[in-house]
Amino acid sequence: MQEVVTFLPMNKSIKVQPGTTLLHAARRAGVRITTRCDGKAACLMCKVGVEQDELKALLPPTDAEKRKLGRLLEAGTRLSCQAKVRGSLSVHVPEDPLKAAIRKQLERQQQEQDDDWFV
């Protein structure tokens, strides 16, 4: 039986077999999740968010996840390279840090231009 994983905010869904990692599901869905360690729970770059009521759709955290994330697990943060699907769920993918920095810079520049226009 396949489960459906939906990646937000891009709203892309894919059917996967139980036991598939969120990182693998994301790659198959064409969703980019940044990682440097290629799924070894070493870089912590592949963090994703899962709503509390959907955490049960994932297998329990691995020991590596527990060590790396600590209290973040309680807030619904999981490492996509370690979290394995066991039911259908939605996953919140944070904005890439480099893209976020560029977006913020562009927003500041636009605000400065708007402010100059009114002077």
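Which residue of β5 is the bridge partner of T6? In this predicted model, that partner is S90.

**Strands β1 and β5**

Strand β1 covers residues 3-8 and pairs with β5. The pairing is parallel and runs over 4 bridges. Strand β5 spans residues 89-92 and has two faces. L89 and V91 make up the covered face. S90 and H92 make up the uncovered one.

**Helix α1**

Helix α1 takes in residues 22-29. Its buried residues are L22, L23, A25, A26 and A29. Viewed down the axis of α1, these residues fall within an arc of 160°, so they line one face of the helix. What covers them? The cover for the buried residues of α1 includes β1, β2 (12-16), β3 and β5. After α1 comes G30, and its phi is positive, near 80°.

**The largest pocket**

The largest pocket has a volume of about 400 Å³. Its lining consists of 16 residues. R32, T34, P94, E95 and D96 are the ones that lie nearest the centre of the pocket. Both β3 (47-49) and α3 (97-118) supply at least two lining residues each. The table sorts the lining by class.

| Class of lining residue | Number in the largest pocket |
|---|---|
| Nonpolar | 10 residues |
| Polar | 1 residue |

Definitions and conventions: Residues are numbered from 1 along each chain as its sequence is written. This is a predicted model: local features need pLDDT of at least 70, side-chain atom pairs count only at pLDDT 80 or more; totals for chains, interfaces and linings use all residues. Side-chain values use heavy atoms; hydrogens and water are left out. On a 1 Å grid over the protein atoms alone, a cavity is a set of points where a 1.4 Å probe fits but cannot get out, and a pocket is an open set with protein on both sides within 12 Å along at least five of seven lines; lining residues have an atom within 4 Å of a point. Grid points are joined across faces, edges and corners, and a volume is the space filled by probe spheres set on the points. Ala, Val, Leu, Ile, Met, Phe, Trp, Tyr, Cys and Pro count as nonpolar, Asp, Glu, Lys and Arg as charged, and the others, Gly among them, as polar. Buried means under 20% relative accessible area, exposed over 50%, partly exposed in between (1.4 Å probe, protein chains only). Two strands pair if DSSP finds at least two bridges between them. The arc is that of the directions from the helix axis to the C-beta atoms. Contact means heavy atoms within 4.5 Å.
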